[in-house]
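Me: Walk me through this model. Keep it brisk, and end each reply on what I asked for.

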Amino acid sequence: RRQRQMCIRDRTGGYDSDKNEINWTVTLNKGRKDIQGYTFSDKLPDGISFIGTEFDVVDTTNNNAVVGKATVKADGSIEYTFGTDQPYTGEYRITYKTTAPDNNGKVTNTGTIGKDGDGNSSTAEVGVSHRDWGVSKSYKSETDVDAGSKKLTWNTNVTLPDTTLTEFVYKDTFIDCLLYTSDAADEGLGV
């Protein structure tokens, strides 16, 4: 029984706001027991789905050699069963991506591994915080163009939301152009 309780070593996840995806990593068999015939499975919570249909199962103790593929089943879960043809005593890792939910919040995901109806599970929780719009503008520098005239340089930073855009237009309009003269500067005026 102790062998089965040591099967899932670590489960982590992280939200990638640039791609609106969650990256999951599961490491199996910390105790380096023989887990031949064991099945790993992961059923995602409602509202998210796997990106891809199969994911490498690698032996991290053997130069990340691929030992098989975890595949997405018809019910939306992934599954991988270690064969019974040889001992599986390494430490194994499965990495996969999922979509993120539409709303901000936490995603809790649990994977299980077991054999003959007995096994254990591991849960990871990932915070999802979607990027909002943002625009900021700041003064950068000025250079002399000719006597009494200056060229002002500005920086504009636009933060795009992490949703799909069909179009983006940025327009920067000067309502009243600034007229900068050396006389106005000497008097502390800006026109």
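**Confidence first**

Me: What pLDDT does the protein chain average?
Reply: pLDDT is the predictor's confidence in each residue, from 0 to 100. This is a predicted model: local features need pLDDT of at least 70, side-chain atom pairs count only at 80 or more, and totals for chains, interfaces and linings use all residues. Residues are numbered from 1 along each chain as its sequence is written, and side-chain values use heavy atoms, without hydrogens or water. In the protein chain, 83% of the residues score at least 70, and the average is 82.

Me: Which element has the lowest confidence?
Reply: Elements are DSSP runs numbered from the N terminus: helices (H or I, at least four residues) and strands (E, at least two). Confidence is highest in strand E4 (residues 54-59), at 97. At the other end, with a mean of 42, is helix H1 (residues 2-5).

Me: How many contacts does the stretch of residues 1-6 have beyond near neighbours in sequence?
Reply: A contact means heavy atoms within 4.5 Å. The pLDDT over residues 1-6 is below 50. Beyond near neighbours in sequence, the contacts of this stretch in the model number 16.

Me: In what order do the elements run?
Reply: The protein chain has two helices and eleven strands. Read from the N terminus, the order is α-β-β-β-β-β-β-β-β-β-β-β-α.

Me: Which residue is the bridge partner of Ser-136 in E11?
Reply: Two strands pair if DSSP finds at least two bridges between them. E10 and strand E11 (residues 149-159) run antiparallel, joined by eleven bridges. They form a hairpin with two residues between them, and Gly-148 in the turn has a positive phi of about 80°. In E11, Ser-136 is partnered by Asn-157.

Me: Is Val-135 buried or exposed?
Reply: Val-135 lies in strand E10 (residues 134-146). Buried means under 20% relative accessible area, exposed over 50%, and partly exposed in between (1.4 Å probe, protein chains only). Val-135 has 58% relative accessibility, so it counts as exposed.

Me: Where is Arg-32, and what is its relative accessible area?
Reply: Arg-32 sits in the loop between E2 and strand E3 (39-42). Its phi is positive, near 55°, in a residue other than glycine. Arg-32 is partly exposed, and its relative accessible area is 45%.

Me: Where is Asn-20?
Reply: Asn-20 is a residue other than glycine with a positive phi, near 55°. Its place is the loop between strand E1 (8-16) and strand E2 (21-28).
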